[in-house]
Amino acid sequence: MKPRRRTLSSDRTTEGLVLSPTARHAKVFFDGNVVRCLYANVLKDSAPLDTRPVAAGDRVVVRVADTGDAFVESVLPRKSVLARQHAGSRRQVMVANADRVLIVTSATEPIFLPRLVDRMLVACEAAGLPAVITITKVDLLTDRSAILEAASIWSRLGYDVRLVSPRTGEGIDELRPVLLEGITVAAGQSGVGKSSLLTAFEPSLKLSTATVSEHWGRGRHTTTAATLHRFMAGWLCDTPGIRSFGLAGLAPTEIAVRFRDFQPFIDSCRFNSCTHVHEPECAVKEAVALGKVHPARMDSYLRMIGAITGDDESESDSNEGSD
Ligand SMILES: Nc1nc2c(ncn2[C@@H]2O[C@H](COP(=O)(O)OP(=O)(O)OP(=O)(O)O)[C@@H](O)[C@H]2O)c(=O)[nH]1
Ligand SMILES: [Mg+2]
Ligand SMILES: [Zn+2]
């Protein structure tokens, strides 16, 4: 039977933090406890363009009825939103109010995907969120040269890039101080080691992990819901593996300005609306030809634009990711 929201004079409201939402309810932290809260009817229609009315990390107003039932009544203004947007479908807010994103990618197993990292960097730039590119499983490499080359492209752009291994502990103590406050979200493909990484920072978390499928070389989508976990003075947010990161809603020119390396050249293109693909006198393309922009970054950009105009995007498959 559908629970009815009762509003009695003995009801009280308080502020809470959403740790993990599902379609019907959310685990909310308030008054020192984690409480399962239903969504108040008034909330259900509040974000019609989103897959869920609330996201992990949301600050919410909770009404506690005299029966003890608790309802999420409203969402307080968000200071940041990390969201995936797929053409023709609703926006999926992965986490709200994050302070930084660990873009987690594996050096191998599953295969290293620098273009997915570039895509997530665009999403972080669009959200105004600092990113730490975290390359895991470096213990499995016999030759690090290809990874170091990719890492150097990003570090030259001013991104914080870390090589880590929860298996051997490499890079963990160096990264931990970055995460002491605020909300840190780990995002990336299934099987890259997000849950293993967060457990390395805080062993008591014991987050579920699973081996990568030998046959497919892919993760098994072990983590099924974005969830905040207490860590020092802040929170770590584990998220389900994503297969792609939809940027629908961003026009090519809006994507291009989120490429830090394109920014110095964009204003010198002959056309204001230059998409840096086929236009003549394009300063960005010239910068690539002169070695001022790395061709790998241009390749990432062109694939993003191709995905938006309906061309094949080789790194994403038809399934747009779990959750
Ligand atoms: N060799 C090695 N294996 C690792 C490392 N980190 C994680 N793994 C292994 O990689 C597999 C996947 O790790 P998970 O932490 O479950 O990956 P995940 O990104 O959370 O995956 P989903 O929850 O499916 O998105 C597990 O078998 C881990 O033991 C590492 O640094 N080195
Ligand atoms: Mg996981
Ligand atoms: Zn141009």
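Q: Which residues form one aromatic cluster?
A: In this predicted model, there are five aromatic pairs. One aromatic cluster is built from Phe259, Phe262 and Tyr301.

Q: What is the geometry of the pair formed by Phe29 and Trp235?
A: The ring centres of Phe29 and Trp235 are 5.5 Å apart. Planes over 60 degrees apart count as edge-to-face. The planes of Phe29 and Trp235 meet at 65°, so the pair is edge-to-face.

Q: How many residues apart in sequence are the parts that Phe29 and Trp235 tie together?
A: Phe29 belongs to strand β2 (residues 25–30), whereas Trp235 belongs to strand β13 (residues 233–238). The pair therefore ties together parts whose separation in sequence is 206 residues.

Q: Which residue has its charged end over the ring of Trp235?
A: Besides pairing with Phe29, the ring of Trp235 has a charged end sitting over it, 4.5 Å from its centre. That charged end belongs to Arg230.

Q: At what distance from the ring centre does Arg260 lie over the face of Tyr159?
A: A charge sits over a ring if CZ of Arg is within 6 Å of the ring centre and within 35 degrees of the ring normal. Arg260 lies over the face of Tyr159, and its distance from the ring centre is 3.8 Å.

Q: Where in the chain does Trp154, the partner of Phe112, lie?
A: Phe112 and Trp154 form an edge-to-face pair, 6.3 Å centre to centre with 75° between the planes. Both residues are buried. The pair links distant parts of the chain, 42 residues apart: Phe112 is in the loop between β8 (100–106) and α2 (114–127), and Trp154 is in helix α3 (residues 145–156).

Q: What is the geometry of the site of the zinc ion (ligand 3)?
A: The protein donors are Cys269 (SG), Cys274 (SG), His276 (ND1) and Cys282 (SG), at 2.1 to 2.4 Å from the zinc ion. Four donors count as tetrahedral if all angles lie between 85 and 135 degrees. The angles among the four donor atoms here are 104 to 117°, and the site is tetrahedral.

Q: What spacing do the donors of the zinc ion (ligand 3) follow along the chain?
A: Cys269 and Cys282 both lie in the loop between α7 (263–266) and α8 (283–289), 13 residues apart in sequence. Cys269 counts as buried at 7% relative accessibility, as does Cys282 at 3%. Along the chain, the donors follow the spacing C-x4-C-x1-H-x5-C.

Methods. Residues numbered from 1 in each chain as written. Chains lettered and ligands numbered in written order. Predicted model: local features only at pLDDT ≥ 70, side-chain atom pairs only at ≥ 80, totals over all residues. Heavy atoms only, no water. Phe/Tyr/Trp six-rings, centres within 6.5 Å; stacked < 30°, edge-to-face > 60°. Helix = DSSP H or I, 4+ residues; strand = E, 2+ residues; numbered from the N terminus. Buried < 20%, exposed > 50% of the residue type's maximum accessible area, 1.4 Å probe, protein only. Donors = N, O, S within 2.8 Å, 3.2 Å for Na, K, Ca; no water. Tetrahedral: all angles 85-135°; square planar, octahedral: opposite > 155°, others 65-115°.
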